[in-house]
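Biologist: Could you take me through this model, starting with one residue and its surroundings?

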Amino acid sequence: HSGAVDDALFPASLGALRQVARVSELSGLGPKETETWFESLFGNTPNLPRLAEFLHGRSQGNPGACLELVRFLIDSGEVRYRDGTWVLPTEPAKCRLPSGAQAIARERLELLDVDLRGFAQALAIHRGALGLELCRALTGDDGTGTVERRLDALLEHGILQYAGAAYRFASEPLREAAAAQLDDARRPELQRRLAAAILARQPLH
């Protein structure tokens, strides 16, 4: 967890967010549908209608964009899970929210601790699915289980998703934002590691 995330936030709750994201990407939502969706996500919680109305307006009813804003509010501590219930902001309009998918992605990455953010940046050099061995090759596995722990942390933060025995960034804006943060000194070494891993898997004849 980053310092801004409530320690009481259960991983299962973030798992619920990911499940909702996969379902809601299919179509846009109206104001009432957004409120109903939030009720299924947060339960009968004080301030829910106000938050639903505010985020619906900011996302223009786009479920993917709305979910990214919810995740940002969780990561930044504006929305917390405490003592078995969600605590929502009383005045959502006063919450600091980035504008646009790229800005949201950058802000969410900035909320990660430095090591975890650097780990995500290394993975972002590759556009496709990331098997565990490729993750290890890109990040310099030290054999202590650090790679697996950091992958789990990125899953919990909603930066990565896992399906089909591989990891992927939860959205292309997230991957692009992480890749853009790579400095010029680090990028060539990561490109070399990526090329070596691909050649090892598919050797030239």
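Biologist: Is Q60 buried or exposed?

Modeller: Q60 is exposed, with a relative accessible area of 72%. Exposed means over 50% relative accessible area, buried under 20%, and partly exposed in between, with a 1.4 Å probe and protein chains only. This is a predicted model, in which local features need pLDDT of at least 70 and side-chain atom pairs count only at pLDDT 80 or more, while totals for chains, interfaces and linings use all residues. Residues are numbered from 1 along each chain as its sequence is written, and side-chain values use heavy atoms, with hydrogens and water left out.

Biologist: Where is Q60 found, and what is its phi?

Modeller: Q60 is in the loop between α3 and α4. Its phi is positive, about 55 degrees, although Q60 is not a glycine. Most residues other than glycine have a negative phi.

Biologist: What about phi at D83?

Modeller: D83 is also a residue other than glycine, and its phi is near 55 degrees, a positive value. D83 is found in the loop between β1 (80-82) and β2 (85-87). At 76% relative accessibility, D83 counts as exposed.

Biologist: Which residues of α3 and α4 make the contact?

Modeller: On the α3 side they are L51, L55, R58 and S59, and on the α4 side A65, C66, L69, V70 and L73. Contact means heavy atoms within 4.5 Å. By class, the contact of α3 with α4 has 7 nonpolar, 1 polar and 1 charged residues. Ala, Val, Leu, Ile, Met, Phe, Trp, Tyr, Cys and Pro count as nonpolar, Asp, Glu, Lys and Arg as charged, and the others, Gly among them, as polar.

Biologist: How far is L55 from P31 in space?

Modeller: Their C-alpha atoms are 9.5 Å apart, and the two residues are 24 positions apart in sequence. P31 is in helix α2 (residues 31-42) and, at 55% relative accessibility, counts as exposed.

Biologist: And W86, is that buried or exposed?

Modeller: W86 counts as buried, at 7% relative accessibility. W86 lies in strand β2. From G43, W86 is 43 residues away in sequence and 8.0 Å in space, C-alpha to C-alpha.

Biologist: New topic: how do α6 and α8 cross?

Modeller: The axes of α6 and helix α8 (residues 146-156) come within 10 Å and cross at roughly 90 degrees. That makes α6 roughly perpendicular to α8. D115, L116, F119, A120 and L123 in α6 meet V147, R150, L151, A153 and L154 in α8. By class, this contact of α6 with α8 has 8 nonpolar, no polar and 2 charged residues.

Biologist: Which residues of α8 are buried?

Modeller: They are T146, V147, L151, A153, L154, L155 and E156.

Biologist: What do the buried residues of α5 pack against?

Modeller: They pack against α4, α6 (114-123) and α9 (172-180). The buried residues of helix α5 (residues 101-110) are A103, I104, A105, R108 and L109.

Biologist: How many disulfides does the structure hold?

Modeller: The structure holds 0 disulfides, a disulfide being a pair of cysteine sulfur atoms within 2.5 Å. C95 is buried, with a relative accessible area of 9%, and C135 is buried at 0%.

Biologist: Finally, how many helices and strands are there?

Modeller: The protein has 10 helices and 4 strands. Helices (H or I, at least four residues) and strands (E, at least two) are DSSP runs, numbered from the N terminus. Along the sequence, the pattern is α-α-α-α-β-β-α-α-α-α-β-β-α-α. Of the 205 residues, 46% count as buried.

How values were computed:
Axes fitted to C-alpha atoms, helices over the stretch in contact; angles between N-to-C directions. Parallel < 35°, antiparallel > 145°, perpendicular 65-115°, else oblique.
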